[in-house]
Every structure is written in C-alpha cells, then in structure tokens.
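Please read this briefing alongside the sequence and the 3D view.

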Amino acid sequence: MFAEVLVLSLIFRLIPADSQFEFFKSRCDLNCTFGYDHLDSESFKAFPSNCTNVCAYLSLDENSNLSENELNPVFQNVKVLYGYLNVKNTKLKDLKFLKGLEKLECDEFTNLKIEYNSEMTTIGMTNFSATNCEILISENVKLDRFDLPNLKNFYITNSNNNILPEFTAKYLSPNFCITLEEMTNFMTSRFLNFGTFNVPFCNFSTPTNELFGEKVCEIRNFTSSNFDELCKRIIGNVIIENGDEQYVNKLKNVTWIFGTVKIYKTNLTTIDFLDSLEYVTNDPDGVVGSEVRIQVKGNKNLMSAVFPNLKNHRELIFKGSVGY
C-alpha cells in the first residue's frame with residue numbers, strides 16, 4: 001500500500017495542479033496514467049500502451065522526435081483519453097496513430113489543439129466520435145481534409161457552465177474542404193459553438209445523390225421556378241425575390257440548406273413554405289457564422305413567418321416588413 005501511494009505521488013509530481021490530480025484520480029487506474037506532459041523518444045516508453053482508457057496530458061512538438069511508425073504501437077489500444085492533446089510544430093502527416101481513439105475528455109482548462117504542423121494533410125482520427133473539448137485546428141498549411149467522419153457527440157461535463165465547446169478552424173490549405181457528412185454531424189450537436197471556421201464544402205457525389213436518405217442538389221444559381229421538389233438538401237444560397245411567390249411551395253420538403261436564405265422585396269403575406277427546414281449553415285464558399293443565415297427584408301405585405309422546425313433562430317433577421 002505504501003509503495004502504491006509513493007508511486008502515485010511521484011507520478012503526479014510531474015502534473016502540476018491539484019485539480020489535474022483529482023481529474024485523473026477519478027477516471028483512471030494508476031497503471032493507466034501517463035505521468036509526463038510531453039511525449040518524446042524517452043517518455044513514450046512509459047506510456048501505458050496496454051490500456052484502453054488512459055489519463056494523460058499529451059503534447060507532441062518539434063522536440064518529440066517520434067515517427068508515425070513509432071507512435072502506432074503506443075496508441076494501438078487507446079479508445080478513451082482523459083486529459084488533453086496538443087500537436088504543434090511537428091512533421092507528422094496525419095494523426096492516424098490515434099485512429100482507434102473514440103473519446104477525448106478534457107478538464108476545465110484544457111483542449112484539443114492541432115497547430116503549425118507543416119506537413120500534415122489530414123487528421124484521420126476516423127473513430128473519434130465524442131468530446132467535451134474546445135477544438136483549435138490552425139496554421140496547418142497543407143491540411144486539406146479533417147477526415148473526422150464520426151465526430152458528432154459533443155457534450156459538457158459541468159452543467160453549471162453555460163459556455164459550450166467551440167470549434168475553430170483557420171489558416172489551412174487553400175484546397176481544404178469539409179464534407180457534408182462532417183458538417184451535418186457538427187451542426188446537429190446541441191453542445192457546440194463555432195469560432196472562426198474558414199471551411200468551404202467538398203464536392204458532393206454519391207451514386208444516388210443522397211445523404212442520410214435525402215436527395216442532395218447542388219444549386220449555385222438558385223431559381224425557384226426551376227427548383228426540383230424532390231431535393232431535400234440544397235448546397236447553395238436560396239434567394240426568393242419578387243416574382244417567385246407562385247413557386248415558393250416547392251421548398252416545402254427542404255430540410256437542410258448548406259448556404260443562406262434571402263427573401264427580398266416579395267409580395268408574400270406569410271412565410272409558411274419552409275416548414276420542414278431544420279438547419280441553415282453558411283455560404284457554401286464562405287465562413288460559418290460570417291453572415292446572417294436567414295434574411296427577410298423589404299417584404300412590405302408580410303404579416304407572419306413561421307419556421308417550426310428550425311433548430312437555431314439566432315442567425316435570423318427581419319427588416320422592412322409590416323408585421324416585424
């Protein structure tokens with residue numbers, strides 16, 4: 001017993017704060033706790049590679065001197081990581097050595113950071129599905145894909161904290177894009193905010209042109225008169241103007257718009273043709289949160305507008321309408 005307490009004490013001398021000690025103690029066995037906060041060619045030998053649940057504050061940087069081939073066996077069994085993950089200034093091309101990681105839970109003052117990795121082209125944590133961490137992906141100039149197909153379960157651990165985790169992605173490759181599947185996963189989370197998010201959408205193509213069982217249509221120059229009523233998800237900006245009033249009911253079945261909605265200077269008296277609409281993201285070539293997603297302006301006869309299934313009303317503006 002004395003020996004175990006002594007070892008525990010020695011391990012946590014390497015981890016500075018009492019709160020961090022408590023965070024680890026309540027989540028991991030001693031044998032599954034990594035007592036260093038920097039992973040390099042010496043410290044990695046102490047990593048508890050046989051554990052599936054690991055407590056660790058992990059930093060990899062230019063001094064880590066570890067290749068992907070060396071990292072793969074170290075993390076091959078890890079499914080849950082408690083602590084944080086910071087990857088900065090490395091020459092790693094991806095983080096596929098963490099492809100088995102399913103969950104990363106940070107404590108109150110830590111997060112997931114992937115920054116200044118000059119050779120990184122993709123993240124590749126394909127089983128990563130759950131986190132409470134803020135995420136910062138920045139200054140990885142060759143990064144052209146997230147490859148995070150299962151990341152969807154964002155959560156909070158402190159119910160008294162009203163601040164949601166924030167996802168920031170900026171200064172990546174000019175060729176970077178996000179898949180519609182990834183964006184769908186992020187947008188449907190109740191516990192996620194977007195910071196700066198400079199991410200256009202990837203080209204969408206499947207044999208059926210469907211996503212989650214719904215037909216997807218890419219429309220860069222939207223005209224309501226030519227709109228296909230079978231389209232439930234639209235890639236592009238939807239613009240309704242004077243003269244479109246007779247066609248608006250074609251939009252009755254639209255659930256997602258990967259773009260913006262603008263209803264300008266029409267003679268509509270009511271907006272009741274977007275009853276199925278749940279999510280509106282951003283300009284497909286722009287920045288999430290860079291502009292108001294739904295704008296209703298200059299509709300002088302408008303008396304009512306309903307969006308009964310819209311999940312987020314914060315990005316909606318009315319101006320110059322009688323009832324508003």
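Two strands pair if DSSP finds at least two bridges between them. Helices (H or I, at least four residues) and strands (E, at least two) are DSSP runs, numbered from the N terminus. The model is predicted: local features need pLDDT of at least 70 and side-chain atom pairs count only at pLDDT 80 or more, while totals for chains, interfaces and linings use all residues. Residues are numbered from 1 along each chain as its sequence is written, and side-chain values use heavy atoms, with hydrogens and water left out.

**Strand pairing**

- Strand 4 (residues 112–115) pairs with strand 6 (residues 135–138) in the parallel sense, over four bridges.
- Within this pairing, Leu112 stands opposite Ile135 in strand 6.
- Strand 6 also pairs with strand 8 (residues 166–170), again in the parallel sense and over four bridges. Here Ser138 has Lys170 of strand 8 as its bridge partner.
- Strands of a sheet pair through backbone hydrogen bonds, either parallel or antiparallel.

- Four strands form an open sheet in the order 13-15-18-20, with parallel pairing.
- Strand 13 (238–240) and strand 20 (316–319) are at the edges with a single partner strand each, so one side of each has no neighbour in the sheet.
- Strand 15 (residues 261–264) and strand 18 (residues 294–297) are parallel partners over four bridges, and Tyr264 stands opposite Lys297 in strand 18.

**Cores and buried parts**

- Buried means under 20% relative accessible area, exposed over 50%, and partly exposed in between (1.4 Å probe, protein chains only).
- A nonpolar core is a set of buried Ala, Val, Leu, Ile, Met, Phe, Trp, Tyr and Cys residues joined through side-chain atoms within 4.5 Å.
- The largest nonpolar core has 60 residues, and those with the most contacts inside it are Phe75, Phe146, Phe167, Phe186 and Phe197.
- This core lies between domain 1 (17–197) and domain 2 (208–319), because both give residues to it. The domain bounds come from an automatic or database domain assignment.
- Another core, of 27 residues, lies apart from it and includes Val238, Leu251, Ile294 and Leu302.
- Helix 4 (residues 180–187) is mostly covered, with seven of its eight residues buried. The buried residues include Leu180, Glu182 and Phe186.

**Aromatic rings**

- Rings of Phe, Tyr and Trp (its six-membered ring) pair if their centres lie within 6.5 Å; planes under 30 degrees apart count as stacked, over 60 as edge-to-face and the rest as tilted.
- By this rule the count comes to 20 aromatic pairs.
- The pair of Tyr57 and Tyr84 is tilted, because the ring centres are 4.8 Å apart and the planes are at 45°.
- Tyr57 lies in strand 1 (residues 53–60) and Tyr84 in strand 2 (residues 80–88), so this pair ties together parts that are 27 residues apart in sequence.
- Tyr57 is buried at 2% relative accessible area, and Tyr84 is buried at 14%.
- Phe75 and Phe97 form a tilted pair, 5.4 Å centre to centre with 45° between the planes.
- Phe75 is in helix 3 (residues 68–75) and Phe97 in the loop between strand 2 and strand 3 (103–106), so the pair links parts that are 22 residues apart in sequence.
- Phe75 is buried at 3% relative accessibility, as is Phe97 at 4%.
- One aromatic cluster is formed by Phe146, Phe154, Phe167, Phe176, Phe186, Phe194 and Phe197.

**Single residues in loops**

- Asn299 sits in the loop between strand 18 and strand 19 (304–305) and is buried, at 0% relative accessibility.
- A polar contact is a pair of N or O atoms within 3.5 Å; within protein, one must be able to donate a hydrogen and the other to accept it, and residues adjacent in sequence count only if both atoms are side-chain atoms.
- The side chains of Asn299 and Thr266 are joined by a polar contact of 2.7 Å, and the side chain of Asn299 reaches the backbone oxygen of Lys297 at 3.1 Å.
- Lys265, in the loop between strand 15 and strand 16 (270–271), is exposed at 63% relative accessible area. Its phi is near 50°, a positive value in a residue other than glycine.
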